[in-house]
Amino acid sequence: MELSSLLGYMLVCSFTPGPGNILSLNTTSKHGWKNSRRLIAGICTGYAAVQALCTILLCLLSQVFTPLLAVLKYIGAAYMIWLAIHIMRSRFTTDSTEKKPTFLEGFLLQLVNVKIYFYISTLLSAYYIPNIKSVWGLALAGAFTVMIGSIASLTWAFLGVRISSFYGRHYRCINIILGVFLLYCAATIILGI
């Protein structure tokens, strides 16, 4: 296994805009770190759940995995489109009575985030499973993958906190750009671009 290729793939896939990263950025820029922590924890926990699910499915039930991805592809794309529209229509507010983001929202996002299913499946089939022969080795590699994904989400969340005053002045433009990124993610999943 070539380590530089593996790390390059992991960094590009983890740090590029995707539903979890975009939601982290948008939520922390709008609600701040304190009110966004539960959502970020849900995103990271959901990431770990998807990592475990993909590993189990690829190792034990490879014939079931392909049909599952086909269904999740459309569910995930529909959720991304809904999220994109929601982000593009949202307004900047400092209203403390507005509903705070929840752990469950972040967790559920990751369960339908097809980007990480494809990413993790490719990672497992191209790098981990051919080179790691023990369950413990796969678990350790999975934990490393979750760590990188969580660091990426936290990086986007930190960026959201840092730009919150800028976001307040330019929220409409920023939300449209973030929404377009999500629509692009959905299009690439549905159309296979």
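Phe103 and Phe107 lie four residues apart in helix 4 (residues 103-111), so about one helical turn separates them. Helices here are DSSP runs of H or I with at least four residues, numbered from the N terminus. The model is predicted: local features need pLDDT of at least 70, side-chain atom pairs count only at pLDDT 80 or more, and totals for chains, interfaces and linings use all residues. Residues are numbered from 1 along each chain as its sequence is written, and side-chain values use heavy atoms, with hydrogens and water left out.

The structure holds one aromatic pair. Phe103 and Phe107 form this pair, which is stacked, at 6.1 Å centre to centre and 15 degrees between the planes. For such pairs, ring centres of Phe, Tyr and Trp (its six-membered ring) lie within 6.5 Å; planes under 30 degrees apart count as stacked, over 60 as edge-to-face and the rest as tilted. Phe103 is partly exposed, with a relative accessible area of 36%; buried means under 20%, exposed over 50% and partly exposed in between (1.4 Å probe, protein chains only).

At the start of helix 5, a side-chain oxygen of Asn113 comes to within 3.1 Å of the backbone nitrogen of Lys115. The 18 residues of helix 5 (residues 114-131) should span 26 Å at 1.5 Å a residue, which agrees with the 25 Å between its end C-alpha atoms; the expected span is 1.5 Å times one less than the number of residues. The buried residues of helix 5 include Val114, Ile116, Leu123 and Leu124.

The chain averages a pLDDT (the predictor's confidence in each residue, from 0 to 100) of 82.

How values were computed
Helices (H or I, at least four residues) and strands (E, at least two) are DSSP runs, numbered from the N terminus. A polar contact is a pair of N or O atoms within 3.5 Å; within protein, one must be able to donate a hydrogen and the other to accept it, and residues adjacent in sequence count only if both atoms are side-chain atoms.
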